[in-house]
Structures are given as structure tokens and as C-alpha cells.
Amino acid sequence: MKTNFSVVPRLLKKDPILAKRLSKAFLAQRKAMAIDRVFHPSTTDELGLIYFRLTPLCNLRCVMCGQRGDKGVLKGSFAANEAEKIVPLEDYKRLVDQIKDKRPVVYLWGGEPFMYPDLFPLIDYMMEAGLVVSVNTNGTYLEKFAKEIVERKWHALFVSLDGFEETNDRIRGAGSYKRVVAGFEAINREKERQGSHYPYMGVVTTVNNLNYKDLYSLAEATRPFKLAWHIYNLGTYTNDAIVDEQRAFMKRELDTDITCLQGYATGYNDDIDGKELYDILSRIHDMDIDHPIITVPALAPDKIDVYYSKLDEPVRTHCIVPWCQANIDYNGDVHFCADYNDYPLGNIREKPFFEIFNGERAQKFRLALKRSKNGLFPGCVRCYQNMLCGKRVNGF
Ligand SMILES: C[S@@+](CC[C@H](N)C(=O)[O-])C[C@H]1O[C@@H](n2cnc3c(N)ncnc32)[C@H](O)[C@@H]1O
Ligand code: SF4
Ligand code: SF4
């Protein structure tokens, strides 16, 4: 399976300033891997990427979502109660002041980030501080806010679509496909009217057993959207046995009770035919289409079956996330693992960020990870962050 990452530099040539800022973040990751993790593993000087999970609220219920889906851990009134704890704008501004010199790339997500009430002033503040800001959204609010988004020159939008109309709506809810398409159209109209190339827009597709046969029709349908990339995320999946193993491990090693991983034991990986998926993705990679196609993780053809059927077999190892990334949760807790926020390092409303990032709990986590087999915990095996930056296992 091809990655097509080679076309990313070509894309970035169009925008050298943005390219320079992204390279700096990428370099931070490399330095974290080569220097921090090796020579002083409990602490780090790098911060290349910072996630903000702005809210637990969402207006959709995508079936495979570990937060709000069939097995999601943020159910109904629990999510509403959690939403009472969201971080106020002023506290986020203080955090931005603390981190801006490191120039991390910012990735805003949720829940649905457009449901954070101060999203626009927060992004204004981040951009004034010189940060590259990207937003991962379900796309249902883009039509409404297209003018403001383009005026403010947000850098990037990662918009989720999981199939052509019928398939997407089966996964993400009735009418969601049309709303996203209307959003792309509105943003493109505004970009033309305002003469701006911001924001760059890309689609993120989470592969599952409901959509994998339909990926080619989605790829065809994206032609008019003027995308800058299309990411095929092979998806985060686990099973009850791995959850149990992770639960015991985290209790023993880090005295932590886990709650998040089980949200990904959805079964939407079952019965995916790896050979068929490989053929479909290959046809997509070969399409005459002017945006890069990126598969995460890119795998050897015969390993796709392993990815979906042997959920405890690593395809990427030696996670470097704790040495260069952090996730700020909606309540201000800092975690390394964006999807599995079970081990809070500290809270930004109570302590300066870098005291937390290199604090006692962070150090303990890094050392436990470094001494673990393959540089992974049992529950890390299909973690998306590690799929992006972990070490490729031979043959995969
Ligand atoms: C949790 S959502 C939050 C942002 C926004 N609500 C959205 O859907 O884009 C972040 C990304 O995770 C993807 N996602 C949902 N369930 C997933 C799973 N089981 N494995 C991997 N990615 C998943 C979504 O499709 C989306 O692209
Ligand atoms: S829109 Fe995003 S957060 Fe909401 S249910 Fe879907 S994947 Fe989950
Ligand atoms: S691989 Fe494990 S330690 Fe690394 S970010 Fe993912 S869940 Fe966290």
C-alpha cells in the first residue's frame, strides 16, 4: 500500500511559510525520538504537536466512534455533565502564552469542536500567537460559518466523511453527507470571493466494515471539493481481551483505572477482506486526482488482514508521543494519549503547562513506556497517534 507522503512536500511548496512551520514541528518529533527519548527519557524539550479536545459534546453519533458511538464512553447525560467542566477561553489564552515559543502545531478536535462556545476567539488568539491551527470537524457547521472561517484564514480543516452518501449517512447519521458537501461548497465559494487559499481542506475517512467496499465511490465523489489531501485512516480497534490486559497493566504499572479503550471494542473491524481493501485503496491511489491520498498506517498488501483480525499484533512500535505531543482535554487535564485519556498528568487550570509536561506523573509514564515491550503498552497496538509516528515493524 502506497503512502503518497512524497506528494506532501510538493503541496507545501505552494505555501513555503506554512511548510517551514510544519517542518519545525516535524523536526521536534525527530529530535524527541533521537535525543530526548534516548538520552534523558523521563523528560523532554520538544513539543511539536498539541491536541485540544475542546468539548465532549457532539451533534452526531457515528457508530464506530470511541466517544459517542455504539460503544462510546461519553454517553448522554454523562457527556452533558462533563460539558459543565469545559475550560474557559481565558485559561486557554494563558496556556497559549506558555507554549507559543515552542511553536507547536495545534490540532483542535472534540467531540465536535464547533460546539465549544469560544472557538472563534480561541483560534484568533492562537493565530495571533503565531501557531499553525488545524481543526478536525464533522463538517456539519462549515456552511454556517464559511465566511468567518475564510476571513480568519484558518490554516487547515480535517473534515470527516466515511463514504458516499448512503454509506456515510448509515455511519454518521441521516443528512450528514449533504451537510458536509454544502460546507465544502460554501468554503470554496468564500475562498474564491475573498481570493484566499486558506483554509486548506482535506477529508479523513475512517475505514470500517460498513464502508470499505464503498471507498472508491467516495473518492470519485470528492473531485469537486478542491481538497488538499484525503486521509484513509484504517481505524482504531480493540477487543475485550486487550482491554482486560491493558486494565491490569495500567493498574499495576501506573496505578490507573482505564475507561476509554473499551469504546474502541466495536467489532467494526470484523470481516474486512484485506485483499479486497488493498485492491480498492490501490485503485484510489492510482486515480488521476490532484490531491494526495494518504493511508494511515500504510501497510504491505498481505498485512491488512493482520491489522483487522489480529488486534494484538503491532504494526508500529516505540511510541514517541510522550516526548513531543500532548492532548489538553475539555476539562483542562493534560494527557499524552488523545484517545485514551485515563492518565491525567495535571491540569492547566492549576499549573503551568511545562511543569505538568515534565512533572512527576509525566516522567513516570515515559519511563514505564520506554521499558515496555516494543515501547508500547498492551492497549497501544492500534493507537492512531502511534500509527502516525511509530516505528514500522519489519515486513509491515
Ligand atoms: C472523534 S472525531 C472528533 C472530531 C469531529 N467530531 C469529527 O468527527 O471529525 C476525530 C476523528 O476520529 C475519527 N474516528 C471516529 N471513530 C474512530 C475509530 N474507531 N477509529 C479511528 N478514528 C475514528 C473520526 O471519524 C474523526 O475523523
Ligand atoms: S462527529 Fe466525531 S465526535 Fe461526533 S460521533 Fe462522529 S466521530 Fe465521534
Ligand atoms: S501508543 Fe500508547 S502511549 Fe503512545 S499515544 Fe498511543 S496510547 Fe498513548
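Me: Is F336 buried or exposed?
Reply: A residue is classed by the other C-beta atoms, placed from the backbone, within 10 Å of its own: 20 or more make it buried, 12 or fewer exposed, and anything in between partly exposed. F336 has 23 C-beta neighbours inside 10 Å, so F336 counts as buried.

Me: What kind of model is this?
Reply: Residues are numbered from 1 along each chain as its sequence is written, while chains are lettered from A and ligands numbered from 1 in the order in which they are written. Local features need pLDDT of at least 70, side-chain atom pairs count only at pLDDT 80 or more, and totals for chains, interfaces and linings use all residues, for the model is predicted.

Me: Which residues does F336 touch, leaving aside those up to four places away in sequence?
Reply: Helices (H or I, at least four residues) and strands (E, at least two) are DSSP runs numbered from the N terminus. F336 lies in the loop between strand 10 (333-335) and strand 11 (346-347). Two residues are in contact if their C-beta atoms, placed from the backbone, lie within 7 Å. By that criterion, F336 touches V321, P322, Q325, A326 and F365.

Me: Is A80 buried or exposed?
Reply: A80 has its place in helix 3 (residues 76-83). Its C-beta neighbours inside 10 Å number 12, so A80 counts as exposed.

Me: How are helix 4 and helix 5 oriented relative to each other?
Reply: Axes are lines fitted to C-alpha atoms, for helices over the stretch in contact, and angles run from 0 to 180 degrees between N-to-C directions. The axes of helix 4 (residues 89-99) and helix 5 (residues 119-128) come within 10 Å and cross at roughly 15°. Angles under 35 degrees count as roughly parallel, over 145 as roughly antiparallel, 65 to 115 as roughly perpendicular and the rest as oblique. Helix 4 and helix 5 are therefore roughly parallel.

Me: How do the residues of the contact of helix 4 with helix 5 divide by type?
Reply: Helix 4 contributes L89, Y92, K93 and V96, and helix 5 contributes P121, L122, Y125 and M126. Ala, Val, Leu, Ile, Met, Phe, Trp, Tyr, Cys and Pro count as nonpolar, Asp, Glu, Lys and Arg as charged, and the others, Gly among them, as polar. The contact divides into 7 nonpolar, no polar and 1 charged.

Me: What is the omega of the peptide bond from Y198 to P199?
Reply: P199 is found in the loop between helix 8 and strand 5 (200-206). The bond from Y198 to P199 is cis, with omega near -5°.

Me: What is the phi of D255?
Reply: Most residues other than glycine have a negative phi. D255 lies in the loop between helix 10 (240-254) and helix 11 (274-285), and is exposed, with 9 other C-beta atoms within 10 Å. Its phi is positive although D255 is not a glycine, with a value near 45°.
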